[in-house]
Amino acid sequence: LITAWQQGDLESIQTLFVDDMAHYPAIYDAMLKDRNQRWTPQIERMLEDDETEYVLVGLAHIAGPDGILQLLESAGYQIEQVQ
């Protein structure tokens, strides 16, 4: 998991953590999906100005179909991995 994080390997993060959590829908919804859906509008508001923003979330919140990156991309934002 640490290697996947260091390499920005979202697919492996999803496989190693998010997919397993999805076997427990109530926990998955409460810990990841619902929180990501609440946070995304807050992040979008932060992006409305020209200031540089820094958003820190736990690793599982960035990967998968309900991850923050996918939610932002679905809302029309361009997601780019920085090296």
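A: D50 lies in the loop between α3 and α4, where helices (H or I, at least four residues) and strands (E, at least two) are DSSP runs numbered from the N terminus. This is a predicted model, in which local features need pLDDT of at least 70 and side-chain atom pairs count only at pLDDT 80 or more, while totals for chains, interfaces and linings use all residues. Residues are numbered from 1 along each chain as its sequence is written, and side-chain values use heavy atoms, with hydrogens and water left out.

Q: Is D50 buried or exposed?

A: D50 is exposed, with a relative accessible area of 82%; buried means under 20%, exposed over 50% and partly exposed in between, with a 1.4 Å probe and protein chains only.

Q: And how far apart are D50 and G8?

A: From C-alpha to C-alpha, D50 and G8 are 26 Å apart in space, and they are 42 residues apart in sequence.

Q: OK, the fold: how many helices and strands does the chain have?

A: The chain has 4 helices and 0 strands, in the pattern α-α-α-α along the sequence. Its radius of gyration is 13 Å, close to the 12 Å that the globule rule gives for 83 residues, so the chain is as compact as a globular protein of that length; the radius is taken over C-alpha atoms, and the rule is 2.2 Å times the number of residues to the power 0.38.

Q: Which residues make up the largest nonpolar core?

A: That core has 8 residues, namely A4, I13, V18, M21, Y28, L32, A60 and A63, and a nonpolar core here is a set of buried Ala, Val, Leu, Ile, Met, Phe, Trp, Tyr and Cys residues joined through side-chain atoms within 4.5 Å. The largest share of this core, 3 residues, comes from α2.

Q: What is L32 in contact with?

A: Leaving aside neighbours within four places in sequence, L32 is in contact (heavy atoms within 4.5 Å) with V18, M21, I27, A60 and H61.

Q: Switching topic, how much space lies in the largest pocket?

A: About 1,100 Å³ lies in the largest pocket. A pocket is an open set of points on a 1 Å grid over the protein atoms alone, where a 1.4 Å probe fits, with protein on both sides within 12 Å along at least five of seven lines, and lining residues have an atom within 4 Å of a point; the volume is the space filled by probe spheres set on the points.

Q: Which lining residues are closest to its centre?

A: Of the 28 residues that line the largest pocket, V55, I62, L69, I79 and E80 are the closest to its centre.
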